[in-house]
Each structure stands twice: as C-alpha cells, then as structure tokens.
Amino acid sequence: MTSSVSSRTPPRARLVPTFCTLLLLAALFSPCTVVAAARDAAPGAALDAAHGASGRRRVLQEPLASDEIASAETAALLAFMRAMGSHPAFSLAGRWSNGPSANRQGQLSQPCADTWQFVTCDSSGRVVTIDMSNPLLASLNVSWAKGATREFVAQQLTAQSASPEAVAAAVVTGPLRGEIPWGKMTALQRLERVDLSGNEVTGAAVSAAAALLPGLKHLNLTFNLIDSLPAAVTAMTALESLHLDMNAISGSLPSGLSALTRLSSLVLGQNRIVGQLPEEIGALSSLVNLDLGENYFHGVPPDSWSNLTNLHLLSLYRLHLTAAFPPSWSALASLSSFTFSSSAASGPFPAFLTQLRSIERIYLHSNRLYGPLPSDLWRPATLTYVDLSNNFFNGSVPLPPPERQADFRYFFNCFTTATPSPAPMAAADAAAAEGQLDAATCADFYSYRQGLDAAAAAGTQQPSSSTSTWGSSFFTVCLLIALMVLVVAVAFTCRRSRQHRGQQQSEEQQQRQMRVEVDVDADAAPAEGAPANTDILSPNKGPNQPFLAGFTPSNTSS
C-alpha cells in the first residue's frame with residue numbers, strides 16, 4: 001500500500017524537498033556568508049574573500065576611494081595656497097593646515113572632514129566652493145565710486161563717518177598674491193564657485209587647465225590685478241557667472257564667447273578692453289546681467305543684442321559708442337535697468353526705451369544728447385527713475401504722472417517749458433529751471449549741430465548715374481589738362497633757364513677776352529719818349545701795371 005501511495009504522489013510534490021535542499025546549500029555556501037564568517041574569524045581573510053566578487057569589492061573599497069579623493073583635494077588646496085602666497089589663516093588650526101586632524105585621531109587634516117574655513121563642501125564630502133574674498137570690501141556698497149581710486153573712496157567714506165574697518169577695506173586688499181595655479185587644482189572636480197575678489201591676484205584670469213574643472217559655474221575675480229582674458233575661457237562651458245570688473249585687462253575680448261550658453265552674468269567693467277562690442281554676445285540668450293562699462297569699446301551697438309530677451313541689467317557707461325541704438329532693441333522685454341552715461345555720445349533720445357514694458361531705471365546723464373524728448377517717455381508703467389542731466393535736450397519736458405512718484409533728473413539741459421503744464425519752466429519747476437543751461441550755450445550748440453547736419457546731408461547726397469558719369473569724365477579731362485599744362489610749364493622753364501645760363505656764360509667769356517686784349521695792347525705800346533725795352537728798369541711796374549707816362553731813367557754814370 002505504501003508503494004501504491006508513493007506511486008500516486010504528484011511529480012510537483014516530489015520537487016519540493018529537492019528545491020528546499022538547494023536553497024539550504026546556497027545559503028550555506030553563498031559569498032555573503034563566507035565573507036561574514038571570514039570577517040568574524042580574521043579581518044585579512046575578509047578582504048581576500050571579497051576580492052572573489054567584483055561587485056562586493058567595489059562596495060567595500062568606496063571609503064578607500066573617498067579617502068584618496070579627499071587627500072587629492074587637500075593637496076590641491078594646499079598647492080593653491082602656496083602659489084597664492086602666505087595667508088593669515090594658513091597656519092591656524094582648523095582653517096588651512098596640513099597638520100593633524102582635530103576630529104580624527106592619527107589622521108591628517110582634511111578640508112571637509114575638519115571643516116576648513118573658506119571652503120564649502122557638499123553632502124558627500126567634496127569641495128564645491130573656495131571663498132577667499134575680502135570680507136571688508138564685500139560688505140561695502142560703493143558702486144557709486146566706480147572708476148575712482150581707492151584713496152578717493154577712502155576719503156569719501158571718511159567724510160561720511162564710516163567705520164575704520166570700511167575705510168581700511170577701501171585701500172587695503174586681501175592677502176592673496178600671485179597667479180591662480182589652475183593646473184594644480186584639477187583634482188577639485190566638483191568645484192562650483194571660486195571667489196577671490198578684493199585681493200591682488202595677477203596674471204591671466206583663467207588657463208587651459210581651468211577648463212578641466214567641469215563643474216565650475218561661478219568665477220569672481222573682481223577688484224584684483226588681472227591683466228588678460230585668454231581664449232581658454234570659451235572652453236569653460238559650465239560657467240554661469242563671470243565677474244572680472246575693476247582689473248587691468250587689456251586687449252580685445254576673445255572670439256568664441258557664444259559657446260558660453262549658460263552664462264547669466266557677465267561683468268567686465270572698469271578695465272582696458274578695446275575693440276567693438278562683440279556681435280556674438282547676442283547668442284548668450286541666458287544673460288541677465290551685462291556690464292561692459294568704462295572700457296575702450298567703440299562703434300555702433302550691435303543689432304544682434306536684441307536676442308537678449310532675458311537681460312535685466314545693461315551697463316554701457318563711459319564707452320566710446322554712438323547713440324545710434326537699433327530699433328530692434330525694443331525686443332529686450334525683460335530689461336529693467338539701462339545705463340549709457342558719461343560717454344560723450346551725440347544723438348537723439350534712444351527711442352527703443354519707450355517700448356520696453358519692464359524698464360524701471362534709465363541713466364543717460366553726462367552725454368551730448370540733443371533734441372526734444374518723446375512725449376510718451378513715461379509710457380512704461382514700471383519706469384520710476386530717469387536721469388537726463390548734463391545733456392542738450394530742448395523743447396518741453398514731459399513730466400511724470402504725479403501718482404508715479406518718479407525720480408526725474410533733467411537739470412543742465414536746454415528745456416524751456418514743461419508738460420502737461422504750458423507755463424514757462426520757472427513756473428513749472430523752479431529748481432529745474434535754475435539748473436538749465438544758459439540760452440547762449442544752447443544756441444551755440446544747436447548752431448554747431450546744424451552745421452554738422454548740413455555737412456552730413458551734403459556728403460550723403462547720391463547723384464544720378466548719368467550725372468555721376470558725366471562728373472567723373474569731366475574730372476578726368478580737367479586732370480589731364482592740368483597735367484599737360486604742368487608739363488609744358490616745366491619744359492618752358494627749363495629751356496629758359498638753359499638759355500639764360502648760356503647767354504651768361506657767353507657774356508663772361510667776352511669780358512675775359514676783352515681784358516686780355518687790353519693787357520696785350522698796353523704791353524706792346526711804350527710811353528712817348530721812353531727808350532725801348534726799358535720795362536725792366538721801371539721799379540713801379542707790377543705784373544698788370546702799364547708804364548708811367550713821361551718816365552725817364554736817371555743817368556747813373558755821374
């Protein structure tokens with residue numbers, strides 16, 4: 001009966017003990033069990049067992065790799081500090097040090113594990129920020145003093161009763177000196193921000209090695225001694241902000257800036273950069289802040305910049321540009337602040353500004369702008385500040401709506417009335433009227449402008465094709481006649497000169513011949529009553545003297 005029951009047992013039921021047996025064997029001899037048992041028995045055997053499975057080996061070795069990365073980043077930071085000169089915090093424990101760790105016994109100090117100052121780390125213990133900016137300078141708001149010397153800023157701050165620390169920050173830079181050793185910092189692969197503003201960093205802003213830092217997004221070297229911006233910057237495609245203002249950068253901007261498509265802030269003001277404004281900046285559609293002021297840019301504002309639809313701040317102060325802004329700039333829908341001051345630019349009010357729906361502040365002071373202001377100057381509802389002082393605008397002043405409470409500065413111009421009030425300026429705004437230019441200065445300026453406009457109009461007249469051809473032919477004929485007259489005159493003059501010299505030489509020869517004949521006749525005819533051949537007895541006769549008349553030698557015999 002037993003045999004009959006077992007013969008009727010389903011095949012699936014017979015597989016259950018076999019499957020359980022296999023699971024038990026797999027659990028006993030699995031790599032995890034072996035590694036765990038070996039780790040309890042001998043630490044050295046655990047590593048040998050782990051090497052048998054490549055996946056487990058990577059898991060166990062991750063702390064070792066992190067230590068290597070931390071050591072490499074530590075070496076990179078120390079190399080950076082050695083290259084940049086001594087720093088007051090370099091030898092202080094817990095800041096920048098290669099001494100023993102304050103938190104981990106028997107190990108060297110590491111930037112993230114020991115919380116080095118001036119360094120920020122992410123959650124995985126990797127360095128992401130180096131901030132060695134001058135803390136005193138960073139706390140100042142002296143944007144009004146751009147272009148001034150540090151001594152001037154210090155004097156102004158002293159006059160304002162600023163703190164001694166603020167005054168010192170105006171004349172004393174941070175402790176960093178020398179060039180940035182980008183080639184020794186490539187181990188900082190997660191570095192995102194470098195801020196060394198307010199020091200005395202020299203040399204080039206970046207090098208080819210800086211492009212090997214794939215995560216570098218923000219570079220701030222404001223207020224240093226940087227002298228160049230190499231083409232290597234175009235390979236740093238992760239950059240989102242590049243601040244190099246208040247340095248000594250010379251030469252032109254490198255080509256290829258259009259590759260920095262993530263750039264949102266480009267600040268290069270107060271340098272010595274030359275050339276025309278780059279057209280390719282118009283390809284940086286992510287730009288929000290663009291400051292190129294106080295350089296040596298010249299020419300016409302590029303039409304391609306109308307593509308900067310995300311631009312909020314545009315600063316073009318103290319440049320050498322014309323005021324011929326393209327109408328396409330009305331597409332700058334996000335622009336809130338526009339600065340075009342102290343540029344000695346001549347032209348009418350930039351018409352595109354009244355088309356901007358987000359504009360808040362307009363700075364056009366200290367130029368040579370002229371003509372009437374647009375009647376719809378205050379059409380943008382967001383406009384609250386306009387500075388048109390020190391120009392030559394004339395006509396009527398469009399005053400802002402009273403409910404706008406705008407700050408409108410228009411002194412030292414040629415305005416005569418204000419709108420909406422038709423009264424004279426003195427009645428509408430006495431303070432502004434007293435600050436206007438005198439009538440003689442305005443009259444002289446507009447007389448000068450009329451002369452320039454008339455000359456420009458005369459120079460730009462385009463004659464018809466037949467008139468132009470006739471004029472060209474007539475000019476050619478006149479030129480040929482003039483050349484022929486010149487050749488004839490020169491030939492006639494040369495001929496007369498030769499004739500005159502020949503006649504003069506002939507007359508001189510005749511005179512010499514006559515003198516010779518006179519001398520010969522005088523020698524051949526002795527004086528009357530004188531003996532022949534007695535010339536040798538004449539004591540008064542010289543080489544060219546004739547005998548004396550009536551001379552008779554005395555009788556020497558007696």
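Helices, taken as H or I runs of at least four residues, and strands, taken as E runs of at least two, are DSSP runs numbered from the N terminus. On that basis the chain of this predicted model has 12 helices and 23 strands.

Of the 558 residues of the chain, 36% count as buried. The accessible surface comes to about 31,900 Å², and carbon and sulfur atoms account for 58% of that area. Where contacts between residues at least 6 apart in sequence are considered, 49% of them join residues at least 24 apart.

In soluble globular proteins, nonpolar side chains tend to be buried together. The largest nonpolar core of this chain holds 86 residues, and within that core Trp182, Leu290, Trp305 and Phe338 are the members that touch the most others. Two or more residues are contributed to this core by helix 5 (54-83), strand 2 (127-131), strand 21 (392-398) and strand 23 (414-419), and helix 5 gives the most, with 5 residues.

The surroundings of Phe338 can be described in detail. When neighbours within four places in sequence are left aside, Phe338 is in contact with Leu314, Phe325, Trp329, Phe352, Leu353, Ile359, Arg361, Ile362, Tyr363 and Leu364.

**A parallel sheet**

Strands of a sheet pair through backbone hydrogen bonds, either parallel or antiparallel. In this chain, 4 strands form an open sheet in the order 9-11-13-15, with parallel pairing. Strand 9 (250-251) and strand 15 (320-321) stand at the edges and each have a single partner strand, so one side of each is left without a neighbour in the sheet. Strand 9 runs parallel to strand 11 (residues 272-276) and is joined to that strand by 2 bridges; here Gly251 stands opposite Ile273 of strand 11.

**Salt bridges**

The count of salt bridges comes to 7, and the table lists some of them with their nitrogen-to-oxygen distances and the relative accessible areas of the partners.

| Asp122 and Arg190 | 3.4 Å | Asp122, 27% | Arg190, 37% |

The bridge between Asp122 and Arg190 links distant parts of the chain, since the two residues are 68 apart, with Asp122 in the loop between strand 1 (119-121) and strand 2, and Arg190 in the loop between strand 3 (177-178) and strand 4 (193-195).

**A nonpolar surface patch**

Nonpolar side chains also occur at the surface, where Phe475, Leu479, Leu480, Leu483, Leu486 and Val490 form a patch with about 600 Å² of accessible area together. Val490, one of these residues, lies in helix 12 (residues 465-524) and is partly exposed, with a relative accessible area of 45%.

**Positive phi angles in one loop**

The loop between strand 16 (337-339) and strand 17 (346-347) contains Ser342, and Ala344 lies in the loop between these strands as well. Ser342 is not a glycine, yet its phi is positive, at about 55 degrees; Ala344, likewise a residue other than glycine, has a positive phi near 55 degrees. As for accessibility, Ser342 counts as partly exposed at 29%, while Ala344 counts as exposed because its 55% is over the 50% cut-off.

How values were computed: Residues numbered from 1 in each chain as written. Predicted model: local features only at pLDDT ≥ 70, side-chain atom pairs only at ≥ 80, totals over all residues. Heavy atoms only, no water. Core = buried A, V, L, I, M, F, W, Y, C linked by side-chain atoms within 4.5 Å. Buried < 20%, exposed > 50% of the residue type's maximum accessible area, 1.4 Å probe, protein only. Contact = heavy atoms within 4.5 Å. Salt bridge = Lys/Arg side-chain N within 4 Å of Asp/Glu carboxyl O. Patch = residues over 30% accessible without salt bridge, like charges linked within 9 Å, V, L, I, M, F, W, Y side chains within 5 Å. Areas by Shrake-Rupley, 256 points an atom, 1.4 Å probe, with all protein chains shown as cover. Pairing = 2+ DSSP bridges.
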